[in-house]
Amino acid sequence: AIHGATVHPVSGDPIANGTVLIEGGKITTVGASVSIPDDHTVVDAAGLHVYPGLINADTGLGLIEIPRINATNDTRELAMFQPDIRAVSAVNPHSSHVNVAACEGITTAAVRPGGGIVSGGAGLIQLSGWTMPEMLRDPEIGLVVDLPSLSTDLDREKRKERLKDHRESIEEIEAFIKDAQLYAETRALADDGKTDLPVNVKLEAMIPYVRGEKSVMFIASTYKQILEAVNFAETFALKPIILGGAEAWKCADMLADKKIPVIVNTVYAYPIRDHTPFDAHFGNPGKLEAAGVDFCIATGGSEYARRLPVHAGMAVAHGLSQDAGVASITLNAAKILGKDSDIGSLDPGKIADVIITSGKLCQASSRTVASFIGGHPIELTSKHEESFERFTNRPEPNLPVQPESLNGPPSLRTN
């Protein structure tokens, strides 16, 4: 029983001096006047804030340790079409980045593959567990697709040179999707016993996506890339999510009308174009909110996954409402990933991913003082915390006194 804090369910108004009851890994009760059973351990959180665990909807946690060292980077394969690949199969539960992110209140994270055009399936993990199966929440929450796109900055000659290759790449992926659709139709007949069909592993993996049962995450940041992704999804009746969305504010009304969600992982990115306002990315989520677009905020990568609440806070400082800022890294992220029935808010029946913070969630000065994943308290220690403690308590060095003859002139001389 977490008692006495300001409870922020996200799905409803904050509750002053509230109580959250957890039992069997699930949230059982949330309210202001809650009778605490005698067998519950009481956590006194007076003066603190309680939120649902944070959800980072785009990361490489467990896949990347040191980006510049290839042996610690397992985010991509070599093939152009690999829908059967699952990113979670490569997750390293003992990555330093996992504990670092958990210490900042992140309890679940989407991990996605890269490389090629159809990169593979993104999965959802919790940031606690000795093995990947212990961390696994969902092995496949969406298919990652990186459509080829010609830059608008190319001059006429370079554009002409690359146009043929670009068209061939587009034709290749269109043929792959058509093959997958035909395979799915034939598979349905085979399931009814009307025909025999040998299993094709790659096309088999595409079935839920070409049927519109699962979302396709299109990597698209520029205005042009977003329009191309939307047009492609409509042509083949796919269920799209825009992943990146740096210039989503330019087509926010269209995205709202078509009910296409956006995972914004570019709050702290540099503006794409020289003439773009310096704060365009900071203000992007606020403009999406005003237009009625379903969106969430993520970080991408692994080393900065811990800064998720800071990204949301920067968006709040540039026009996003406080409530939308909190929802963008909790309930809205869960909805876009199709997991809002399990996580994202403090509602009875949901998995008890709960954090206790020292202040408001989107304030950089706030700290996560306690975290529960699946109802179990986790130890908030990480490589960062250990290094801080170690070097803060470093003893004074016992060095020999240097002879005066080695002392040179002052480092800054006026003559």
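# Exercises: helices, cavities and a hairpin

Helix 3 (residues 156-191) packs against helix 4 (residues 201-210) at an angle of about 90 degrees, their axes 8 Å apart. This is a predicted model, where local features need pLDDT of at least 70, side-chain atom pairs count only at pLDDT 80 or more, and totals for chains, interfaces and linings use all residues. Residues are numbered from 1 along each chain as its sequence is written, and side-chain values use heavy atoms, with hydrogens and water left out.

**Exercise 1.** Describe how helix 3 and helix 4 meet.

*Solution.*
- Helices (H or I, at least four residues) and strands (E, at least two) are DSSP runs, numbered from the N terminus.
- Axes are lines fitted to C-alpha atoms, for helices over the stretch in contact, and angles run from 0 to 180 degrees between N-to-C directions.
- Angles of 65 to 115 degrees count as roughly perpendicular. Helix 3 and helix 4 are therefore roughly perpendicular to each other.
- Now take the contact (heavy atoms within 4.5 Å). Helix 3 brings residues including Phe176, Ile177, Tyr183 and Arg187. Helix 4 answers with Leu203, Glu204, Met206, Ile207 and Val210.
- By class, this contact of helix 3 with helix 4 has nine nonpolar, one polar and three charged residues. Here Ala, Val, Leu, Ile, Met, Phe, Trp, Tyr, Cys and Pro count as nonpolar, Asp, Glu, Lys and Arg as charged, and the others, Gly among them, as polar.

**Exercise 2.** Find the cavities of 30 Å³ or more and name residues that line them.

*Solution.*
- A cavity is a set of points on a 1 Å grid over the protein atoms alone where a 1.4 Å probe fits but cannot get out; lining residues have an atom within 4 Å of a point.
- A volume is the space filled by probe spheres set on the points. The structure holds two cavities of 30 Å³ or more.
- The largest cavity has a volume of about 40 Å³. Among its lining residues are Ile177, Met206, Phe218 and Phe232. The lining of the largest cavity has 10 nonpolar, no polar and no charged residues.
- The second largest cavity holds about 40 Å³ of space. Its lining includes Pro148, Ser149, Gln225 and Glu228. By class, that lining has four nonpolar, two polar and one charged residues.

**Exercise 3.** In which sense do strand 2 and strand 3 pair?

*Solution.*
- Two strands pair if DSSP finds at least two bridges between them.
- Strand 2 (residues 15-23) and strand 3 (residues 26-31) pair in the antiparallel sense, over five bridges.
- Leu21 stands opposite Thr29 in strand 3.
- The hairpin has two residues between the strands, and Gly24 takes a positive phi near 65 degrees.

Key
Parallel < 35°, antiparallel > 145°, perpendicular 65-115°, else oblique. 1 Å grid on protein atoms, 1.4 Å probe; cavity = no way out; pocket = protein on both sides within 12 Å on 5 of 7 lines; lining within 4 Å.
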